[in-house]
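Here are my notes for you on this one. Keep the viewer open and find each spot as you read.

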Amino acid sequence: MVARSFFTLCLAAVAAAHGDHDHDQDPIAGPLQALWYNTLPGDGGTQADSVFSGISTFGRLPYLPCLNHRGINYDIAFIGAPFDTGTSYRPGARFGPSGIRQGSRRLNLYGGYNVPLDTNPFNSWAKVIDCGDIPVTSYDNTFALHQIEEGHFSILSRAPKTDATKKGPSLLGKTLPRVITLGGDHTITLPLLRSINRAYGPVSVIHFDSHLDTWRPKVFGGSPSEVASVNHGTYFYHAAQEGLLRNDSNIHAGIRTTLSGPSDYENDGYCGFEIVEAREIDTIGTDGIIKRIRDRVGTSNPVYLSLDIDTLDPAFAPATGTPETGGWSTRELRTILRGLDGINLIAADIVEVAPAYDTNAEHTTMAAADSLYEIMSIMVKRGPLSVMDGEKKEDL
């Protein structure tokens with residue numbers, strides 16, 4: 001009995017000592033901590049996973065649920081719009097946001113420095129994050145486009161991390177963050193431009209595509225209903241009708257589609273666009289195309305860039321909704337995008353990436369991610385939107 005009582009007292013003493021120990025001693029770091037966190041080359045920072053593992057965000061950027069928390073700020077935000085019920089041929093672009101993120105995993109494998117543009121968009125003045133996806137219904141196109149507009153405007157209309165108190169080109173004279181949207185079929189550009197219009201008014205548009213997308217609804221789709229009249233071939237027609245486009249300062253690049261007739265080009269002109277056809281690269285080269293774009297939109301006005309992955313030839317990007325042969329190579333497109341350095345890009349989208357039709361080597365999603373890398377680099381190099389034309393970030 002004495003022995004049992006003594007044993008009970010010993011257990012109580014051990015338990016008490018252990019409890020005191022928990023309160024008094026700081027947790028000890030686990031062994032081999034350096035094995036779990038890797039320092040990236042140069043100025044790239046640290047990461048816990050290899051580039052081929054972990055949760056996928058664009059370029060392995062930090063993920064923050066921006067739509068759930070108004071207090072999150074940033075200078076450039078990526079947001080997905082998984083919508084594809086406005087397409088006329090191949091569906092599947094609702095999986096574009098996740099596919100593009102998969103294709104972007106190795107963007108900062110070596111630190112992320114962009115050699116031709118002499119900038120590192122992953123390590124700069126800008127806070128860049130991935131905000132995830134806008135919740136989009138697949139059952140009601142009208143409501144889905146409303147969701148996209150409101151979700152985008154929620155991300156666009158916040159104070160940025162940098163220069164939040166300085167004047168900018170928005171309608172209220174404020175500096176706003178930039179937003180890059182991962183589509184989604186090209187119909188999403190209409191609600192995105194509606195969101196942009198609320199913040200900036202009419203803007204100039206650079207439109208990379210193999211198709212005009214300014215077709216009148218009765219020509220493209222037959223317009224059997226008001227809902228059907230808004231699709232991935234008519235959204236720029238509606239944008240022009242709604243006054244979302246800045247007059248005579250918009251341009252298509254990469255066009256090579258068939259037409260219903262010459263009147264399609266006439267209607268396109270009424271919508272405010274100039275056209276650079278894909279085949280012109282054989283005569284004026286990439287430098288000539290860059291000059292045409294820059295001369296059209298200028299460097300001071302707010303510019304929106306919309307990139308349809310079918311700008312590329314299907315040899316380089318087969319996974320898209322309406323592929324057209326005779327397009328540009330990935331190298332040519334990236335050269336042209338880099339030539340837009342200095343243009344005042346306020347926002348951008350990439351659309352029509354449908355990963356189900358891709359190769360096992362992920363050609364299309366990698367091309368999409370690499371194109372956005374160039375666009376993001378241009379935005380970072382230009383500086384925050386408080387920087388007016390002719391100024392440099394280091395001058396402020």
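**Notes on the model**

1. Let's start with N108, which you'll find in the loop between α2 and β4. Is N108 buried or exposed? Its relative accessibility is 7%, and anything under 20% counts as buried, so N108 is buried. Bear in mind as you go that this is a predicted model.

2. Now look at what the side chain of N108 sits beside. A polar atom of that side chain is 3.3 Å from the backbone oxygen of G59.

3. R60 belongs to the loop between β2 and β3. Its phi is positive, about 60°, even though R60 is not a glycine. Why does that deserve a second look? Most residues other than glycine have a negative phi. R60 has a relative accessible area of 19%, which puts it under the 20% cut-off, so it counts as buried.

4. D163 is not a glycine either, and its phi is positive, near 60°. Because its relative accessibility is 16%, D163 counts as buried.

5. While you're checking the backbone, go to G183 and G184. The peptide bond that runs from G183 to G184 is cis, and its omega is near 15°. In general, most peptide bonds are trans. As for location, G184 is in the loop between β5 (178-183) and α4 (189-200).

6. On to the cysteines. How many disulfides does the structure hold? The count is 1, and it joins C66 to C131, with an S to S distance of 2.0 Å. The link is left-handed, with -70° about the S-S bond. It ties together distant parts of the chain, 65 residues apart: C66 is in the loop between β2 (46-47) and β3 (76-81), while C131 is in strand β4 (residues 128-133). Both C66 and C131 are buried. Have a look at C271 too: it counts as buried because its relative accessibility is 6%.

7. Now for helix packing. Helix α2 (residues 96-103) and helix α9 (residues 363-382) cross at roughly 80°, and their axes come within 7 Å. Angles from 65 to 115 degrees count as roughly perpendicular, so that is how α2 lies to α9. On the α2 side the contact is made by G99, I100 and G103, and on the α9 side by T365, M366, A368, A369 and L372. Sorted by type, the residues of this contact are 5 nonpolar and 3 polar, with no charged ones.

8. Compare that with another pair, helix α7 (residues 281-297) and helix α8 (residues 330-338). Their axes are 8 Å apart and the packing angle is about 30°. How do α7 and α8 run, roughly parallel or roughly perpendicular? Angles under 35 degrees count as roughly parallel, and α7 and α8 are therefore roughly parallel to each other. I281, T286, I289, I290 and I293 make the contact from α7, with E332, T335 and I336 from α8. Here the residues divide into 5 nonpolar, 2 polar and 1 charged.

Key:
Residues are numbered from 1 along each chain as its sequence is written. This is a predicted model: local features need pLDDT of at least 70, side-chain atom pairs count only at pLDDT 80 or more; totals for chains, interfaces and linings use all residues. Side-chain values use heavy atoms; hydrogens and water are left out. Axes are lines fitted to C-alpha atoms, for helices over the stretch in contact, and angles run from 0 to 180 degrees between N-to-C directions. Helices (H or I, at least four residues) and strands (E, at least two) are DSSP runs, numbered from the N terminus. Angles under 35 degrees count as roughly parallel, over 145 as roughly antiparallel, 65 to 115 as roughly perpendicular and the rest as oblique. Contact means heavy atoms within 4.5 Å. Ala, Val, Leu, Ile, Met, Phe, Trp, Tyr, Cys and Pro count as nonpolar, Asp, Glu, Lys and Arg as charged, and the others, Gly among them, as polar. A disulfide is a pair of cysteine sulfur atoms within 2.5 Å. Buried means under 20% relative accessible area, exposed over 50%, partly exposed in between (1.4 Å probe, protein chains only). A polar contact is a pair of N or O atoms within 3.5 Å; within protein, one must be able to donate a hydrogen and the other to accept it, and residues adjacent in sequence count only if both atoms are side-chain atoms.
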